[in-house]
Each structure stands twice: as structure tokens, then as C-alpha cells.
Amino acid sequence: LSDLETEIDRITGLVKPGGHLIVAVPNFKSYDADYYGNYWAAYDVPRHLWHFSKKSIRMLFSGRMHLTAIKPMYFDAFYVSLLSEKYKSGKAFSFHALLVGFWSNLRALRSKEYSSLIYCFRKPV
């Protein structure tokens, strides 16, 4: 989305009052993002023009939708770590990447900063 604000207005405008919107995005505050840095596959430049944290998602939808839940995408830590390791080392498969994904999920148990998050919104009636 090149014009983020305009597109969020358009998308939220399509949701009926009382309706729900589900948004799933990578979380650049996760352990695996920090570990892989510029090699973190979920940056996915140039397709991902924007990168989000829980705070930025809340701000982006503030006044438009009510955030009802945040759910982790547990398996994304493994998938993104495998891709990131491939970008970093050139290896098609790496047990180390699986360990990073596992460690990312373990750390997220406390921090709640999983590799990717699903945001559940409800439009006020």
C-alpha cells in the first residue's frame, strides 16, 4: 500500500458497523527480526513498504476500529527464520534457523512480540 492512510480509510470504510476486520502482519519488534537485522525476510522489500509494531497498528486504526484481540502466528517465526537464514548464508535449509524460530517464540511468551501477529478489530456500531 503506497498511500497507507488513504487505503486504511478505504478498507475500514468497507466494514459495516459492528463488523470485523482481521489484519495479519510481520512484527519488526520480534526476536527473529532483531537477530537477522537487514536479512530478516519479513521486511520483504520492496513489496512491504511499511513495517508495523503493536503500537503503530493501534495508532493506525485508532478512531476507526476497536482492537479486540492480538493473536500470535507461531509458525511464522520458523518460516521467516528459514528464509532469513537463506538470505544471510545462502543455505537452502538450516537447523540453526529452526532454533532461532523456536527461541523467538520462547522469548515472545514473555514479551508478546511474536514474529507475526494477527490483529482483530471491530467497527463500532
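Leaving aside neighbours within four places in sequence, which residues is Phe121 in contact with? The legends below take this up first and then visit other sites in what is a predicted model.

**View 1. Phe121 and its surroundings in the largest nonpolar core.** Once the neighbours within four places in sequence are set aside, Phe121 is in contact with Gly19, His20, Leu21, Val23, Ile57, Phe61, Met65, His66, Leu67 and Thr68. The largest nonpolar core counts 16 residues, and Phe121 is listed with Leu21, Val23, Ile57, Phe61 and Tyr119 as having the most contacts inside it. Two or more residues of this core come from each of these elements: helix α1 (4–14), strand β1 (20–26), helix α3 (54–61) and strand β3 (116–122). Another core lies apart from this one; it has 8 residues, among them Trp40, Ala41, Ala97 and Val100.

**View 2. Ser81, a buried serine in helix α4.** Helix α4, which covers residues 76–89, is where you will find Ser81. Is Ser81 buried or exposed? Its relative accessible area is 0%, so Ser81 counts as buried. The side chain of Ser81 reaches the backbone oxygen of Ala77, at 2.7 Å. Beyond the neighbours within four places in sequence, Ser81 is in contact with Asp32, Tyr36, Asp76, Ala97, Val100 and Gly101.

**View 3. Glu5, Asp9 and Arg64, linked in a network of salt bridges.** The structure holds 4 salt bridges. One of them joins the side chains of Glu5 and Arg64, at 3.0 Å from N to O. Why does this pair tie together parts that are apart in sequence? Glu5 lies in helix α1 and Arg64 in the loop between α3 and β2 (66–72), so the pair ties together parts that are 59 residues apart in sequence. Arg64 also meets Asp9 in a salt bridge between their side chains, at 2.7 Å from N to O. This second pair again links distant parts of the chain, with Arg64 in the loop between α3 and β2 and Asp9 in helix α1, 55 residues apart. Arg64 has a relative accessible area of 18%, so this residue is classed as buried. Asp9 is partly exposed, with a relative accessible area of 42%.

**View 4. A closer look at Glu5 in helix α1.** With a relative accessible area of 44%, Glu5 is partly exposed. Leaving aside its neighbours within four places in sequence, Glu5 is in contact with Leu60 and Arg64. How far apart are Glu5 and Leu60 in sequence and in space? They stand 55 residues apart in sequence and 7.8 Å apart in space, C-alpha to C-alpha.

**View 5. Arg47 and Asp44, joined by a salt bridge.** The closest N and O atoms of this pair are 2.8 Å apart. The relative accessibility of Arg47 is 64%, so Arg47 counts as exposed.

**View 6. A nonpolar patch on the surface.** Which residues form this patch? They are Phe102, Trp103, Leu106 and Leu109, and together they have about 410 Å² of accessible area. Phe102 belongs to helix α5, residues 95–111. At 46% relative accessibility, Phe102 counts as partly exposed.

Technical notes:
Residues numbered from 1 in each chain as written. Predicted model: local features only at pLDDT ≥ 70, side-chain atom pairs only at ≥ 80, totals over all residues. Heavy atoms only, no water. Patch = residues over 30% accessible without salt bridge, like charges linked within 9 Å, V, L, I, M, F, W, Y side chains within 5 Å. Areas by Shrake-Rupley, 256 points an atom, 1.4 Å probe, with all protein chains shown as cover. Helix = DSSP H or I, 4+ residues; strand = E, 2+ residues; numbered from the N terminus. Buried < 20%, exposed > 50% of the residue type's maximum accessible area, 1.4 Å probe, protein only. Core = buried A, V, L, I, M, F, W, Y, C linked by side-chain atoms within 4.5 Å. Contact = heavy atoms within 4.5 Å. Polar contact = N/O pair within 3.5 Å; in protein donor to acceptor, adjacent residues only side chain to side chain.
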